[in-house]
Amino acid sequence: MRRSSRIRQKEGAAAVKSIVTIDLSERQNVPRRGRSKRRVKTGPKGKLNTTTFHTYFRSMWDRYSEDKKASFAYLDCLWFSLYYDPASRQKVLLWIKKEAIFSKAYVIVPIVLWGHWNLLILCHFDQNTESSTRRPCMLLLDSLENTGPRRYETEIRKFVFDVFQAMGRSETKKMLSKIPFVVPKVPQQIDDKECGKFVLYFIHLFMNNSPEVFEAPNGYPNFINEKWFDRGGYEDFCNQLITGL
């Protein structure tokens, strides 16, 4: 049985355990997960579980051109929660070490903890952490800001530091502490079921509109705000997700 499949089968109703994976088709000893030929149903009460999220994401990813994908790496939606668990932390770091994720301008990290989805984007980590022209930035997008997304900052910074250590990079905790951790205001979901779909839409828009250089003047990204998209655009995107499988 595939490693990610075994992990997903252990998801409980009380708390969603999710990791962050890199492209499953490229990781050694893990066969490529093919696209589903049937329509995939959402999880309980319309929320996306990790299997459905991964299926939708791969459907999106496969439609992008190779030129567009060349600037991006992504981690599967299960690894961060496995990293969050000390018992599996070293295994996750070993998996990530095998991948050159920081050779890309942007690293997409879907996060699902306690049944809620967020999107972390690591921007310009292919550059020196002290670069003045393409400064690295940690960008966290949350469609339910009253959950307090900044509570993830300590663990995210620790995650990035541990990945750097596993890869043999020389950045210190002090150097990483200077990298901006930005939580911009973004359009908000209207119920408790939409967070996973919002994360997919965030990814879709970011990949389509990401600039060559990401800037965060005054700690706020200049191309993302509360009016980034309207409800109609989001609903059209959700319909296209289903029909695209």
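With which residue does Arg 89 form a salt bridge, and how far apart are the closest N and O atoms? In this predicted model, the partner of Arg 89 is Glu 155, and the closest N and O atoms of the two lie 3.3 Å apart. The pair links distant parts of the chain, since Arg 89 belongs to helix α5 (residues 89-97) and Glu 155 to helix α6 (residues 153-166), 66 residues apart. With a relative accessible area of 13%, Arg 89 is buried, and Glu 155 also counts as buried, at 19% relative accessibility, because the cut-off for a buried residue is under 20% relative accessible area.

**Other salt bridges**

A search of the whole structure finds ten salt bridges, among them one between Glu 145 and Lys 185, whose closest N and O atoms are 3.8 Å apart. Glu 145 sits in the loop between β4 (137-141) and α6, while Lys 185 sits in the loop between β5 (181-182) and α8, so this pair ties together parts that are 40 residues apart in sequence. Glu 145 counts as partly exposed at 36% relative accessibility, and Lys 185 likewise counts as partly exposed, at 40%.

A further salt bridge joins the side chains of Glu 171 and Arg 169, with 2.7 Å from N to O. Here Glu 171 counts as buried, at 8% relative accessibility, whereas Arg 169 counts as partly exposed, at 24%. Elsewhere, salt bridges that share partners join Arg 150, Glu 153 and Arg 157 into one network.

| Salt bridge | Closest N to O distance |
|---|---|
| Arg 89 and Glu 155 | 3.3 Å |
| Glu 145 and Lys 185 | 3.8 Å |

**Helix α8**

How many of the 15 residues of α8 are buried? Eleven of them are, so the helix is largely enclosed by the rest of the structure. The buried residues include the aromatic side chains of Phe 198, Tyr 201, Phe 202 and Phe 206, and also Cys 195, Gly 196, Val 199, Leu 200, Ile 203, Leu 205 and Met 207. As background to reading such a list, an α-helix has 3.6 residues a turn, so residues three or four places apart point the same way.

Note on methods:
Residues are numbered from 1 along each chain as its sequence is written. This is a predicted model: local features need pLDDT of at least 70, side-chain atom pairs count only at pLDDT 80 or more; totals for chains, interfaces and linings use all residues. Side-chain values use heavy atoms; hydrogens and water are left out. Buried means under 20% relative accessible area, exposed over 50%, partly exposed in between (1.4 Å probe, protein chains only). Helices (H or I, at least four residues) and strands (E, at least two) are DSSP runs, numbered from the N terminus. A salt bridge is a side-chain nitrogen of Lys or Arg within 4 Å of a carboxyl oxygen of Asp or Glu.
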